[in-house]
Amino acid sequence: MKVALIGTGFVGVTAAVVYASFGNQVIGLDIDQSKIDSLNKGKVPFYEPKLVELLASGLASGNLKFTTSYQEAISDADVVIVAVGTPSASDGAIDLSYIAASVSQAAPYLKDGAVLVIKSTVLPGTLAQVKTIVNNLTDKQIHFAALPEFLKEGTAVDDTLYPDRVVIGVENKAAFKILEELHAPFKAPILCVKPESAQLAKYASNNYLALRIVYANALAEICENSEADIDEVIEAMGYEKRIGNHYWYPGLGYGGSCFPKDVKALAHFCQDNHMATNLFSAINELNEKRPVQVLDKISRVVEGFAGKKIAILGLSFKPNTDDQREAPALAVIPRLLNDGAAQVSAYDPMVKKIVSEEIAKNKNYQQTETLAEAVKGADLIIALIEWPQIVGFDFATTKEEKQQFFFDARSQFEMKRMQDLGYIYLGIGQKF
Ligand code: UGA
């Protein structure tokens, strides 16, 4: 099948290489020439495990190429998949300008019978807007569909190759048949639903997962104020089949490019529609408060951050990615610097430059090549992200004589082991 992918971010590139790996003729399209040049040379402009290898085999097989030309990508495509960004506007609404721009440019080149698929995360109702734009620009008969994406950064390739389900939102059987055939090699349950249900299912899944994290954090706070241990509580809950033991670890709140934006989008939808309750707004608020509450508490325990040397371990929003969007470090570091920390030394195995200019230019901030350099002389170590290089590090080799606090923001370290090494261990969900 001939497939065009519009947008070469995480979702677009991953989908392109995976569809090509199943023998489809795939063209990835982006307006950014330098991105297209690197992709055609086999270079991925962001870090994602396994992607470079699959890109190389796609390019070598001749099934995959990238272009900036709408005409080249769209004219012959049976399926055109839009995977451009839908960022949050300042009021939490989603910004549909990239979708509008890309479908407007694609419309004149769409062939008769093509399926135009919106993969980007959009609210129910958006397909009607897309249809209006496209039908005003072409007389051809086009099918419209929604195909939400459920991949996670860091495991994008495997999530795409082995999805839990493929949700196809269509208005007619013909479009479903084409998309069903395209997804047959995935060996996953394929659901045929209304486009609006597909779109909401995506938000519903992300918001539910975000809610679980907020819930785990609320429980952690109860544990911090009682004798209960959060890891034990979560383990005990996880045996319940209706609950399950995955996706439960507490921390400083969820981050990344999806959850914060998708929770805000539903909150905005409820507000816009004058709905009586707005659970999503509460989820967002609780998550935003979380780092502040935890840092207030740590500050009390260490008697203020002023004058302290503090090590930050982990700058990405989670392990196995160099993505810093809504990373906890971006909330934590400014707070430490504003409170007068003498030095903040940060280490990340993958992120070599923090995205915030303001942090980067602060004279009390530095980034180190190694973890050992970051923790040297630290009064307080904050292990923010559960990178294997951080969790697996032997802190016995760097423990110093002086009093050192160790804050385990992801509940990854064994309290007793850290205490035996001499650290004053502060754990999420532990009484301190
Ligand atoms: C998320 C969803 O998990 C994907 O299914 C979805 O396709 C994607 O958004 C998207 O909409 O594109 P992602 O943002 O890559 O994927 O990352 P997750 O691994 O889900 O983590 C999100 C945030 O929650 C991170 O800040 C992570 O550290 C945090 N988290 C995750 C917790 O705090 N606790 C957990 O138990 C799990």
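On a 1 Å grid over the protein atoms alone, a cavity is a set of points where a 1.4 Å probe fits but cannot get out, while a pocket is an open set with protein on both sides within 12 Å along at least five of seven lines. Lining residues have an atom within 4 Å of a point. Grid points are joined across faces, edges and corners, and the space filled by probe spheres set on the points is the volume. The structure is a predicted model, in which local features need pLDDT of at least 70 and side-chain atom pairs count only at pLDDT 80 or more, whereas totals for chains, interfaces and linings use all residues. Residues are numbered from 1 along each chain as its sequence is written, and side-chain values use heavy atoms, with hydrogens and water left out.

Two cavities of 30 Å³ or more were found. The largest cavity holds about 40 Å³ of space. Its lining includes Ile118, Ala146, Pro148, Gln199 and Lys202. Helices (H or I, at least four residues) and strands (E, at least two) are DSSP runs, numbered from the N terminus. Helix H9 gives the most to the lining of the largest cavity, with four residues. By class, this lining has seven nonpolar residues (Ala, Val, Leu, Ile, Met, Phe, Trp, Tyr, Cys and Pro), one charged residue (Asp, Glu, Lys and Arg) and three polar residues (the others, Gly among them).

The second largest cavity has about 30 Å³ of space. Among the residues that line the second largest cavity are Leu384, Glu386, Asp408, Arg410 and Phe413. The lining of the second largest cavity divides into six nonpolar, one polar and three charged residues.

The second largest pocket has a volume of about 270 Å³. It is lined by 18 residues, of which Asn287, Glu288, Pro291, Glu326 and Ala331 are the closest to its centre. Two or more lining residues come from each of H11, helix H12 (279–301) and helix H13 (329–338). H12 gives the most, with six residues. Ten residues of the lining of this pocket are nonpolar, four are polar and four are charged.

Aromatic rings were also examined. A pair of aromatic rings is described by the distance of the centres and the angle of the planes. Rings of Phe, Tyr and Trp (its six-membered ring) pair if their centres lie within 6.5 Å; planes under 30 degrees apart count as stacked, over 60 as edge-to-face and the rest as tilted. By this rule there are twelve aromatic pairs. The pair of Tyr215 and Trp248 is tilted, because the ring centres are 6.1 Å apart and the planes lie at 50°. This pair links distant parts of the chain, 33 residues apart: Tyr215 is in helix H9 (residues 195–224), and Trp248 is in the loop between helix H10 (230–238) and helix H11 (259–272). Relative accessible area (1.4 Å probe, protein chains only) is classed as buried under 20%, exposed over 50% and partly exposed in between. Tyr215 is partly exposed at 44%, whereas Trp248 is buried at 7%.

The rings of Phe393 and Phe395 have their centres 4.9 Å apart and their planes at 75°, so this pair is edge-to-face. Phe393 is partly exposed, with 24% relative accessibility, and Phe395 is buried, with 1%. Phe393 and Phe395 form one aromatic cluster with Phe406, Phe413 and Tyr423.

A charge sits over a ring if NZ of Lys or CZ of Arg is within 6 Å of the ring centre and within 35 degrees of the ring normal. The charged end of Lys399 sits over the ring of Tyr423, 5.1 Å from its centre. The charged end of Arg165 is placed over the ring of Phe150, 3.6 Å from its centre.
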